[in-house]
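Open the structure in your viewer and follow the stops below. Each stop names a selection and says what is there.

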Amino acid sequence: MGAARVLLTRTAAKGTGFARALSELARQRGEPAPNVLYAPVHVPRTVAYTPELSAALQATAADQVAWVTFTSANAVRACTELWGEHFAHVLNAADARLACVGKATAAELERCGIEPDYIPHTQSAMGMLAGFPASDRQQDEPDTVWVVEGQNARPTLREGLGALGFRVMRTVVYRMEPAAEADLAPGELGCDAAREALSRETSAGQPVTDAVVATAPSLLQALAEGVPTDRFPPVVAIGQSTASAARSLGVPYVVADSPSAQDLASAAFSVVSAGA
């Protein structure tokens, strides 16, 4: 039997750690390394700058913000594109504490010279809320949290912070758009090519692709458009929101223990091994 094929909804550059971990698991089992298909599907686009975007940054600089939250590395990168070095200067000088959804987002902040104050054990919006200190309701005015996120971010964090007694100030700094040909590195698949890969079958009627590693609900939903459910391979969901999307689509899925490359690879290897 030939090597399994796994489709990952990331670029080749961002998927290197996953591919390396998957190959190592196969080597330990004496099996051929699965082939990884990289399908970014959507790419982040930083929003156009307007003076209104800087209102929250100015409030942070004036120490009117208690916390700044980041739910993706894309959000951090967008901030550096919008404000350059001024972004890091403000966050390092201000009294506001910084919260990141997970290690990848924290690493992006650290690359800017910014140290996060809070990274939850469970890397999700619910995980962030579980350990977030409640606002002091005895104050005349509640503490403000600046939520920095993408346009398609779910309201879970914002609503949860409001329930904890915070005033939430939201800034959308990027949006996800379909990857154009110019966005793709050699060998990467756009959405249409990825759907075609998922639709192919062997002569025995089995899917050519053995698993899909979905790193966001929107990416899984975009891939599933036009692909019959009964031909869609098993999904490795990066977290519970992606798992919920898989349930809604009616496709089989497992949830990785964490969003790390190692845990995604371990889940993917288990899926393709079970189907071998």
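Is tryptophan 83 buried or exposed? Select tryptophan 83: this residue is buried, with a relative accessible area of 10%. Buried means under 20% relative accessible area, exposed over 50%, and partly exposed in between, with a 1.4 Å probe and protein chains only.

A word on the model before going on. This is a predicted model, in which local features need pLDDT of at least 70 and side-chain atom pairs count only at pLDDT 80 or more, while totals for chains, interfaces and linings use all residues. Residues are numbered from 1 along each chain as its sequence is written, and side-chain values use heavy atoms, with hydrogens and water left out.

Colour by pLDDT, the predictor's confidence in each residue, from 0 to 100. The protein chain has a mean of 91, and 95% of its residues reach 70 or more. Among its elements, strand 4 (residues 67–70) has the highest mean pLDDT, 98. Helix 8 (residues 191–199) has the lowest, 90. Helices (H or I, at least four residues) and strands (E, at least two) are DSSP runs, numbered from the N terminus.

Now show the aromatic rings. The whole structure holds seven aromatic pairs. Rings of Phe, Tyr and Trp (its six-membered ring) pair if their centres lie within 6.5 Å; planes under 30 degrees apart count as stacked, over 60 as edge-to-face and the rest as tilted.

Select phenylalanine 70 and phenylalanine 87. Their ring centres are 6.1 Å apart and the planes meet at 85°, so this pair is edge-to-face. Phenylalanine 70 lies in strand 4 and phenylalanine 87 in helix 4 (residues 85–93), so the pair ties together parts 17 residues apart in sequence. Phenylalanine 70 is buried, at 0% relative accessible area. Phenylalanine 87 is buried too, also at 0%.

With phenylalanine 87 it forms a stacked pair: 6.3 Å centre to centre, 20° between the planes.

Last stop: select Trp67, Tyr118, Phe132 and Phe166, which ring pairs link into a cluster.
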